[in-house]
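Please open the structure in a viewer and keep the selection tool at hand.

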Amino acid sequence: MMTVSGALLTACQSDPDIDITKLGIETDPPETLYNQGLANIKAGNIVEASRKFDAIDAQHPFSEWSQKALVMSTFTKYRLARYTDAVTAGNRYLNLYPRSDDAAYVQYLVGLSYWKQIVNVTQDQKTSMQTIDAMQKVVDNYPDSEYVDDAQAKIRFARDQLAGKEMQVGRYYLERKEYLAAISRFRVVVEKYPNTNQIEEALARLVEAYYAMGVVQEAQTAAAVLGHNYPDSQWYADSYKLLKSGGLEPRENSGSWIARAGKKILVGS
């Protein structure tokens with residue numbers, strides 16, 4: 001009687017469509033596959049490693065080895081720049097094992113997978129928002145993990161991107177003298193993203209837009225808030241010069257939305 005292995009060998013010899021290199025995955029125990037996956041990572045063969053870990057998850061679902069393999073599957077997919085697949089694998093792991101020792105790492109990998117897909121501010125910033133959401137979960141759910149500091153750095157970067165997008169659109173409207181539309185974008189930056197690398201320009205652009213509209217008090221207030229927080233900024237120097245050209249100077253109106261929003265600015269954040 002022909003054994004299973006004998007039948008497989010005969011099939012390989014007679015069927016050119018069967019890849020003999022993949023047959024081991026169908027028969028090796030999970031521990032062997034896992035160790036083979038690790039060995040492939042060490043050897044730099046990430047594609048093969050990923051295939052080994054996926055095989056464990058497929059053949060031994062919900063087992064201890066499947067749990068370990070799903071972590072490594074998320075990692076290898078991230079390393080291969082298969083970011084959507086990494087997010088899918090990572091979220092599946094987190095749904096199954098949210099309190100495991102590796103959960104913080106997997107959540108961090110999910111965040112990194114979104115972060116790697118962030119594009120310049122002229123394009124859609126959906127992945128910036130997804131980065132913030134994923135990395136905030138690292139901070140909130142795993143506050144003692146070693147990944148918190150970098151997660152916070154990635155959040156700051158993504159917030160800079162979102163603010164940058166608002167500025168890009170605001171400048172577009174400002175150039176076309178559509179001042180109300182421009183102000184609405186700069187206001188988002190000041191109110192929602194006050195501690196980003198876009199705040200100085202946002203305040204300066206508010207000075208410019210309000211001054212052009214003849215809304216003097218708001219222009220003066222924006223300049224005063226800018227000068228209070230960034231007295232050495234070139235943006236402040238330009239705003240001050242603009243006001244002086246009209247016989248004005250920075251002066252804060254405490255009732256302005258700009259003054260209220262300015263209290264949220266943390267210089268050096």
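**The whole chain**

Begin with the entire chain, shown as a cartoon; please note that this is a predicted model. The chain contains 14 helices and zero strands. Of its 269 residues, 45% are buried. Among contacts with a separation of 6 or more, 57% join residues 24 or more positions apart.

**The nonpolar core**

Next, select Phe 53, Val 190, Leu 203 and Leu 206. These residues have the most contacts inside the largest nonpolar core, which has 72 residues.

**Helix 6 and helix 7**

Select residues 83-96, which form helix 6, together with residues 103-115, which form helix 7. The axes of helix 6 and helix 7 come within 9 Å and cross at roughly 155°. Because angles over 145 degrees count as roughly antiparallel, helix 6 is roughly antiparallel to helix 7. The crossing of the two is left-handed. To see the contact, show the side chains of Tyr 83, Ala 86, Val 87, Gly 90, Asn 91, Tyr 93 and Leu 94 on helix 6. Their counterparts on helix 7 are Ala 103, Val 106, Gln 107, Val 110, Ser 113 and Tyr 114.

**Helix 8 and helix 9**

Move on to helix 8, residues 126-141, and helix 9, residues 148-175. How far apart are the axes of helix 8 and helix 9, and at what angle do these helices pack? The axes are 9 Å apart, and the angle is about 155°. Helix 8 and helix 9 are therefore roughly antiparallel to each other, and helix 8 passes helix 9 in a left-handed crossing. On the helix 8 side, the residues making the contact include Met 129, Thr 131, Ile 132, Met 135 and Val 139. On the helix 9 side, they include Val 148, Ala 151, Lys 154, Ile 155, Ala 158 and Leu 162.

**Lys 154**

Remain on helix 9 and select Lys 154. Is Lys 154 buried or exposed? Its relative accessibility is 10%, and buried means under 20%, so Lys 154 counts as buried. The side chain of Lys 154 makes a polar contact with the side chain of Asp 150, at 2.8 Å. Beyond its neighbours within four places in sequence, Lys 154 is in contact with Leu 112, Trp 115, Thr 131 and Met 135.

**Two loop residues**

The last two selections concern backbone angles. Most residues other than glycine have a negative phi. Select Ala 81, in the loop between helix 5 (64-79) and helix 6. Phi of Ala 81 is near 65°, a positive value in a residue other than glycine. With 42% relative accessibility, Ala 81 counts as partly exposed.

Finally, select Lys 177, which lies in the loop between helix 9 and helix 10 (179-192). Lys 177 is not a glycine, yet has a positive phi of about 60°. The relative accessible area of Lys 177 is 60%, and this residue is exposed.

Notes. Residues numbered from 1 in each chain as written. Predicted model: local features only at pLDDT ≥ 70, side-chain atom pairs only at ≥ 80, totals over all residues. Heavy atoms only, no water. Helix = DSSP H or I, 4+ residues; strand = E, 2+ residues; numbered from the N terminus. Buried < 20%, exposed > 50% of the residue type's maximum accessible area, 1.4 Å probe, protein only. Polar contact = N/O pair within 3.5 Å; in protein donor to acceptor, adjacent residues only side chain to side chain. Contact = heavy atoms within 4.5 Å. Core = buried A, V, L, I, M, F, W, Y, C linked by side-chain atoms within 4.5 Å. Axes fitted to C-alpha atoms, helices over the stretch in contact; angles between N-to-C directions. Parallel < 35°, antiparallel > 145°, perpendicular 65-115°, else oblique. Left-handed = near helix turned anticlockwise from the far one by under 90°.
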